[in-house]
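This report covers a sheet and a ligand site. Please view the structure first.

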Amino acid sequence: MTNPTEISARYDLTNRIFNAIARRYDRTNCILSFGFNAMWHKKLIGEVRKVPNGNILDLACGTGTLTKKLARLQSVKITGLDPSANMLSVAKKRLGTKENIVFVKGYAESLPFSEGSFAVVTVSYGIRNFADMDASFRQILKVLEPGGRLFILEFSLKAENPAKYAFQMFYIHRMLPLLGWMSTGEKSAYTYLRDSVESFPRTQEICHRMEQAGYHEVTYKRLTPGVAVLFTGVK
Ligand SMILES: C[S@@+](CC[C@H](N)C(=O)[O-])C[C@H]1O[C@@H](n2cnc3c(N)ncnc32)[C@H](O)[C@@H]1O
């Protein structure tokens with residue numbers, strides 16, 4: 001998506017949604033993922049831990065759940081970036097003032113950092129919401145230092161096994177909007193979640209687009225029970 005009108009409409013939509021659900025986001029996330037969210041974050045942190053110490057950008061940090069866990073790693077400075085004022089406000093309350101953490105309001109498509117600023121960029125459940133995924137891949141590549149790593153955690157439906165796929169469809173079409181609505185009172189936010197998960201490109205396409213943007217060693221791992229994927233790419 002490169003049309004400026006479409007991009008600004010997308011920004012308005014996602015800001016409206018995330019500003020509306022910010023206070024109830026964490027609880028709802030835990031309910032909707034049946035608690036798997038914490039396990040998936042642990043897997044992501046495990047990979048980040050393998051990268052030599054350096055600055056980390058937690059892109060689309062939202063309420064700072066992952067940012068807080070990243071800040072426990074040794075000798076790193078963490079930057080959390082998100083466009084939603086309300087999500088950032090929850091994150092700032094959660095983390096308080098800490099020397100090694102800064103929060104910045106901004107968009108993945110136009111990152112306000114100089115070239116080579118970060119050893120690691122993490123994006124947890126964010127990429128699906130970006131107005132222009134390819135532009136964000138290029139921006140991330142620019143702010144990574146040479147050899148730096150991008151980690152993307154995202155929901156991704158698996159089509160190979162028909163029974164599992166049928167359950168996934170039932171879950172995202174019936175249960176997810178209902179549970180999301182019950183937990184937040186915001187029906188549109190969780191129909192948006194359903195639509196964005198469903199329209200998210202297949203894993204192979206994401207890998208291809210990362211390679212096109214200039215990443216090397218692009219790989220992905222499917223995480224138990226199979227609805228989340230961790231992508232990696234190296235600058
Ligand atoms: C589902 S939340 C994920 C929050 C957090 N990373 C987590 O693991 O819980 C998605 C976040 O993406 C942010 N977002 C939406 N569009 C964005 C964009 N263009 N650039 C950066 N962040 C964006 C939203 O404001 C929201 O906080």
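## Strands 1 and 4

Strand 1 (residues 56-59) pairs with strand 4 (residues 118-124). The two run in the parallel sense, and four bridges join them. D58 has T122 of strand 4 as its bridge partner. The model is predicted.

Seven strands form an open sheet in the order 3-2-1-4-5-7-6. The pairing is mixed. Strand 3 (101-105) and strand 6 (216-223) are the edge strands, each pairing on one side only. From one strand to the next, the twist averages 15°.

Helix 5 (residues 85-95) lies across strand 2 (78-82) and strand 3. The helix runs at about 170° to strand 3.

## The ligand shell

How many residues surround the ligand? There are 20, and the closest are Y25, A60, D82, A108 and S124. By class, the shell has 11 nonpolar, seven polar and two charged residues.

Helix 1 (4-21) and helix 2 (25-32) each supply at least two shell residues. Helix 1 gives the most, with three residues.

## Polar contacts and cover

For S124, an N or O atom of the side chain is 2.5 Å from an oxygen atom of the ligand. A108 uses its backbone: a polar atom there is 2.9 Å from a ligand nitrogen atom. On its own, the ligand has 600 Å² of accessible area, and the protein covers 98% of it.

Key. Residues are numbered from 1 along each chain as its sequence is written. This is a predicted model: local features need pLDDT of at least 70, side-chain atom pairs count only at pLDDT 80 or more; totals for chains, interfaces and linings use all residues. Side-chain values use heavy atoms; hydrogens and water are left out. Two strands pair if DSSP finds at least two bridges between them. Axes are lines fitted to C-alpha atoms, for helices over the stretch in contact, and angles run from 0 to 180 degrees between N-to-C directions. Contact means heavy atoms within 4.5 Å. A residue is near a molecule or strand if one of its heavy atoms lies within 4 Å of it. A polar contact is a pair of N or O atoms within 3.5 Å; within protein, one must be able to donate a hydrogen and the other to accept it, and residues adjacent in sequence count only if both atoms are side-chain atoms. Accessible areas come from the Shrake-Rupley method with a 1.4 Å probe; for residues, only the protein chains shown count as cover. Ala, Val, Leu, Ile, Met, Phe, Trp, Tyr, Cys and Pro count as nonpolar, Asp, Glu, Lys and Arg as charged, and the others, Gly among them, as polar.
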